[in-house]
Amino acid sequence: TDPTAASSMPATPANWVAAVAADAPAYWWRFEGTAVGDGVPNQGSVAGFSGIYGTGIRNVDLGKPSASAGLGNALEFTGPRSGNAAATLVPSMKYVDFGAPIPELYNLRSAPTEKAATLEYWIKTTQRGSHGDNAWQSPAIFARESGGDGDMYWGWINAQGDFGFSTSDMHDATATNLADGLWHHIVMTKIWYDSQACVSRLFVDGGALNGGRSFEVTTPGGNSSQQDDDGTIQYLGFTQNGELDDTQFIGEIDEVAIYPQAFNEAQARLHYLAAGIVPATFKVTDISVDAATRDVTVTWEAVAGVSYRVLRASSLSGTWENAGEVTATGNTATFTDTNRPAGAGTWFYRVVRN
């Protein structure tokens, strides 16, 4: 059972604001203002923690169109790439300072507790890191590189444009090809336990049952998943204590909310749907089975250059596993599943755009 799990959620939230408010965020930054001097108020239940914009952010970076009309305005972090030296901010960097470390975003080894936290936001970027898979040298949303191994990365981007959610030097969950210039809904949950495996969850665009992506992985309980005392997080928009020249996030972000409880896929899905996003639609045009080999071939409408995943499950309510991926070269794409499990049974297939 998740500690401090949400006790209720609306069955049919009327809109985005109602859906978020129903889950009682401790912090909620909406970025509705259009003047840098006004900062960004915390509309959650915790007093204080209203954000102050870094000197690199200008009025023109505010008031950007968000993922849907119901989300209002968004904030843009513009280029060029920028780094930071130790804890000293480069004056031209773009960031939001919340005035103090946000305790829900880490679990310090000097005073560990069993707790859960969820961080949610909308993000749009084409940025790719420039230092491979090295998190401490890459751009991030909320992140702190520790001198030891007690790091926490609530969203960072590698050189392939993949989005990572990491704990204490362990890259827990990765959503590939997220730097595609489209708006994405991100929900990340961390559940810290002392004497059993800790849980990390990442839901993208409402999770797998909504056509998005879902990840749930575990890390060791206790010390291995906790953070060093220099692992606190206070800023939005870059890797604190990151290294080299490319730790600042470049892209747009909106509706940042932090909850002192764990989210499941159903909650992530409700929030995504409440935003009123109209997904790009396409349809499967053919499914065929080779009687001799048992191979299943799926064909669907596609966009050239776009990557798709084919998911497989033994029941519509079961666990969907990744059967394979295809990058379309024309207006249709085809995938042949040559590894369908042996034995009799019914199998369902789903095609998801990456």
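## Basis and confidence

Because the model is predicted, local features need pLDDT of at least 70 and side-chain atom pairs count only at pLDDT 80 or more, while totals for chains, interfaces and linings use all residues. Residues are numbered from 1 along each chain as its sequence is written, and side-chain values use heavy atoms, without hydrogens and water.

The mean pLDDT (the predictor's confidence in each residue, from 0 to 100) is 89 for the protein. A value of 70 or more is reached by 92% of the residues. Over residues 1-10, pLDDT stays under 50. For this stretch the model has 26 contacts (heavy atoms within 4.5 Å) beyond four places in sequence. Where pLDDT is low, the predicted coordinates should not be read in detail.

## Salt bridges

A salt bridge here is a side-chain nitrogen of Lys or Arg within 4 Å of a carboxyl oxygen of Asp or Glu. By this rule there are ten.

One of them joins R109 and D228, with the closest N and O atoms 2.7 Å apart. R109 is in the loop between β5 (96-97) and β6 (115-124) and D228 in the loop between β13 (213-219) and β14 (235-236), so the pair ties together parts that are 119 residues apart in sequence. Strands (E, at least two residues) and helices (H or I, at least four) are DSSP runs, numbered from the N terminus. R109 and D228 are both buried; buried means under 20% relative accessible area, exposed over 50%, and partly exposed in between (1.4 Å probe, protein chains only).

K190 and D172 form another salt bridge, at 3.8 Å from N to O. K190 belongs to strand β11 (residues 184-192) and D172 to strand β10 (residues 170-175), 18 residues apart. Both K190 and D172 are buried.

E321 and R312 also meet in a salt bridge, at 2.8 Å from N to O. E321 is partly exposed, at 34% relative accessible area, whereas R312 is buried, at 7%. Shared partners join R109, D149 and D228 into one salt-bridge network.

## The second largest pocket

A pocket is an open set of points on a 1 Å grid over the protein atoms alone, where a 1.4 Å probe fits, with protein on both sides within 12 Å along at least five of seven lines; lining residues have an atom within 4 Å of a point. The second largest pocket has a volume of about 340 Å³, which is the space filled by probe spheres set on the points.

The lining has 18 residues, and A208, S214, R309, L311 and W320 are the closest to the pocket centre. The elements giving two or more residues to the lining are β10, β13, β19 (307-313) and β20 (321-327). The lining comprises six nonpolar, seven polar and five charged residues. Ala, Val, Leu, Ile, Met, Phe, Trp, Tyr, Cys and Pro count as nonpolar, Asp, Glu, Lys and Arg as charged, and the others, including Gly, as polar.
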